[in-house]
Amino acid sequence: MTSPHDRLGISPDAAPAEVKTAYHAKLREFPAHTHPEEFKAVRAAYDAIRKGETAKDDDFLNVRPLEVTLDPDSLKQLREKALAQIDISLDELIRETF
Amino acid sequence: MTRAVGIDLGTTNSEVAIVENGQARVLPGEDGDLILPSCVGFSETGKLLVGREALRQYEAAPERTVKSIKRWMGTDHKTLLGDREYLPHEISAIILRSLKQRAETALAESIAQAVITVPAYFTDAQRQATKTAGEIAGFEVLQIINEPTAAAIAYDLRSEETERVLVYDLGGGTFDVSVVEITGEVTEVLASHGNNRLGGDDFDRRLQLHLKELFRKQHGMDVPDDPVTNARLLRTAEQAKIDLSTHAFTTVREAFLGSKGKTALHLEAEIARTDFENLIHPLLDETLEAIDRALSDATLQPDDLDRIILVGGSTRIPLIQHMIESHLGQAPTDGIQPDLCVALGASLQAGVLVGEAVDAILVDVVPHSLGIAAAMSTPMGIVPGFFSVVVPRNSVIPVSRSEVYSTLFDSQETVEIEVFQGENPIAEENVPLGSFKVEDLPSQPAGSVQVEVHFDFDLNGILTVTATEKGKGQQGSLIVSNTGVHRLSSHEISQARADLEALFEQDEAIESSASDSPIVTLSPELSVLVDRARTLADSLDDEQADELQDLLDQIEAVAEGNSDEDLEVLQSELEDFLYYASREN
């Protein structure tokens, strides 16, 4: 697997200015409208390197959800349940009021 | 090599530009005007009017004229013009077709390709509607690019030092702010924010309401609420707004706005710039908040900005310049052509795409976050309906991103992927882009079946979402290429294009038959006067009524080509007559 630095053709200890120059050179080589895949890879590498520069802060503050699960069916069920509850409580409320 | 144009399709005005020998220039119409008002209408005889001609009749015939259609792009709002209803992209197509004709006449060659700009904050549906309009107009739309970005490309820096530039774009109907980094020929957007329903039109409307209020105070009654009166007041408000950009005071005079018994009522008022500023201040505060969010998204402080560029006609309002300067501690850069730079930038990008020798590399971002509805584990248990962002706003495009999700129940057989666009943590509060299902998942305990959701967003703003079950490889996918509006098939587009061509040709036929008989059309001002005179006629005594009828007959004779008296003289006679008649009554 190519490292982000390899992708931009620079050494792992390149200074931020060098990273940017290399990134711009790659943009010239792979314009987004003619080389979308290469462009995306170049951009991903650039993002990764820049993120690395600030990774120390990020790791500490990065509160990602532990688990992300997906099921809109259950969403619907839960919503219906919740709505049903509201309905009932409304009925009860009316009953209790009168 | 075929050439491609760049088009700024604005709320109020539109322009078309081309690159020649590496230099961009805006192409003039036959009248030499670089600007085409984004206004479409039909004359009394059914002749199609586009631009200044249509705008001229707006006051007199608002029911046959439409402007600011851009505000409705991406919706199915219908506009009745003459005997037919038009969708927003159909009206826009008429404007684009007119710009195409303008370019072809100016360059004496046929033009088939274009880059069209949209506000950076336009949604997917609004972008697609714009692209469709371009296709109906007969263009191959090479790319839809963002207006502030186009302005930044046009802004020729020619410095290898990196400059950070804030582009503040306030037009007739939309507002955008973009933070851009320019290094040599590379223009990279760091963040964009905006409001698709904020612009000069809103200032006009506030001032129009203010004028109505003044009228009510002066006469103790409301201005009649009919389309013609509203259109007149809106034009008056717009003119007053423009005057107040260069003057501290302006006088508004509108005669015959209404009547009380037999007395005609006029509006005459002095508006101070400060009055106008008080009306629009709350709207401008919103734009400052947008600046702050764009800066924070770009992780920059106001001090980090090297330059502020103002784009769009509304930025001529002095208060805007002052507010930006005091908010950011820096005066905006002079010497930008706020009306033309977007079209110029679009033409440069068009040049790049067709291989002209243009040094411009554009790196743009997606303005809205893209993601799906998902259940998330929270301190209160698993809660469904959250918006799980896959492509965060301000990601560079084109972009591909994936996230892995897992099933919520034991033996869950299907997952439904609902795709949204927006920033609200509750999925349903965002703009729905579509949904699809992945079925026949392997029967396993909750959480052990993993589904990878892959988003692919290309340069043309087309989003493809693919979901793949990691074990067995079940797949489902969705191509979101048009939402909100009915997606036109290529057949429907060619049909619409043929209809549009017919409209333009029929227009030429009417024009040539009209030139056979020398019929003079009345100016909108005169038409309004004549209409008013007719309504007034009943309330006059016989002598006055005869005098009026005589005047009207003379005007009619000129209009029918049976008399060569000077219409302007007759018009001023009629004005005087109406003025005194209304006084006496």
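Into which domains is chain B divided?

1. Chain B is divided into domain 1 (1–155 + 336–361 + 497–510), domain 2 (159–334), domain 3 (370–480) and domain 4 (524–584), with bounds that come from an automatic or database domain assignment. The C-alpha centres of domain 2 of chain B and domain 3 of chain B are 40 Å apart.

2. This is a predicted model, in which local features need pLDDT of at least 70 and side-chain atom pairs count only at pLDDT 80 or more, while totals for chains, interfaces and linings use all residues. Residues are numbered from 1 along each chain as its sequence is written, and chains are lettered from A and ligands numbered from 1 in the order in which they are written.

3. Chain B holds 13 helices and 27 strands, where helices (H or I, at least four residues) and strands (E, at least two) are DSSP runs numbered from the N terminus. Chain B is as compact as a globular protein of its length, because its radius of gyration of 28 Å is close to the 25 Å that the globule rule gives for 585 residues; the radius is taken over C-alpha atoms, and the rule is 2.2 Å times the number of residues to the power 0.38.

4. In chain B, 44% of the 585 residues are buried, a term that requires 20 or more other C-beta atoms within 10 Å of the residue's own, with C-beta atoms placed from the backbone. For chain A, the buried share is 22% of 98 residues.

5. Among contacts in chain B between residues at least 6 apart in sequence, 69% join residues at least 24 apart, a contact being a pair whose C-beta atoms, placed from the backbone, lie within 7 Å.

6. Helix H5 (residues 200–219) of chain B packs against helix H6 (residues 227–246) of chain B at an angle of about 110°, and their axes are 8 Å apart; axes are lines fitted to C-alpha atoms, for helices over the stretch in contact, and angles run from 0 to 180 degrees between N-to-C directions. H5(B) is therefore roughly perpendicular to H6(B), the word used for angles of 65 to 115 degrees. Among the residues that meet are B:Phe203 and B:Leu207 in H5(B), and B:Leu233 and B:Ala237 in H6(B).

7. B:Leu284 lies in helix H7 (residues 273–297) of chain B, and it counts as buried because it has 21 C-beta neighbours inside 10 Å. Apart from neighbours within four places in sequence, B:Leu284 is in contact with B:Leu319, B:Ile320 and B:Met323.

Note on methods:
Buried ≥ 20, exposed ≤ 12 C-beta atoms within 10 Å, placed from the backbone. Contact = placed C-beta atoms within 7 Å. Parallel < 35°, antiparallel > 145°, perpendicular 65-115°, else oblique.
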